[in-house]
Amino acid sequence: MYEYIAMLAYVVVLFLTLRDIRIYKRTRFQSYRKGAIKGILASTIVLIGIVLTYMNPNFGLLMVLIALFVNQKGSREPVFKDAKMMDRLLGKTDI
């Protein structure tokens, strides 16, 4: 069960990282580039946490939690003006 929680966290981190990459490619805002780099670092830590979860579930999930804190994004430039929820989710920008 714990392994599935860690895998879900990995999918979420990768999804948000890919979204940041897509927004950066469209806008060239440096805050989204930094967010994508943080996401890559966090996804690596989550992968380590998934492996550790099989050996020790508590320590593995602690690594996943640390990775989610690493993945926190800072302040960003507004790139959505009148976008719908699905457009925001997929990273389509109004700029």
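Start with the charges. The protein chain carries 14 positive and 6 negative side chains. The centres of these two sets lie 6 Å apart. Keep in mind that this is a predicted model.

Read from the N terminus, the order of elements is α-α-α-α. Now switch to C-alpha atoms. Along the principal axes, they fill a box of roughly 45 × 25 × 15 Å.

The protein chain exposes about 6,300 Å². Carbon and sulfur atoms supply 68% of that area. How much of the chain is buried? Of the 95 residues, 33% are buried.

Then look at contacts. Take those between residues at least 6 apart in sequence: 64% of them join residues at least 24 apart.

Now zoom in on one residue, Arg 28. Where is Arg 28? Select α1 (2-27) and α2 (30-55); Arg 28 sits in the loop between them. Is Arg 28 buried or exposed? Its relative accessibility is 52%, so Arg 28 counts as exposed; the cut-off for exposed is over 50%.

Check the backbone there. Most residues other than glycine have a negative phi. Arg 28 is not a glycine, yet its phi is positive, at about 65°.

Arg 28 lies over the face of Tyr 24, 5.3 Å from the ring centre.

Key. Residues numbered from 1 in each chain as written. Predicted model: local features only at pLDDT ≥ 70, side-chain atom pairs only at ≥ 80, totals over all residues. Heavy atoms only, no water. Helix = DSSP H or I, 4+ residues; strand = E, 2+ residues; numbered from the N terminus. Buried < 20%, exposed > 50% of the residue type's maximum accessible area, 1.4 Å probe, protein only. Contact = heavy atoms within 4.5 Å. Areas by Shrake-Rupley, 256 points an atom, 1.4 Å probe, with all protein chains shown as cover. Lys, Arg positive; Asp, Glu negative; His and termini not counted. Charge placed at Lys NZ, Arg CZ, Asp CG, Glu CD. Lys NZ or Arg CZ within 6 Å of the ring centre and 35° of its normal.
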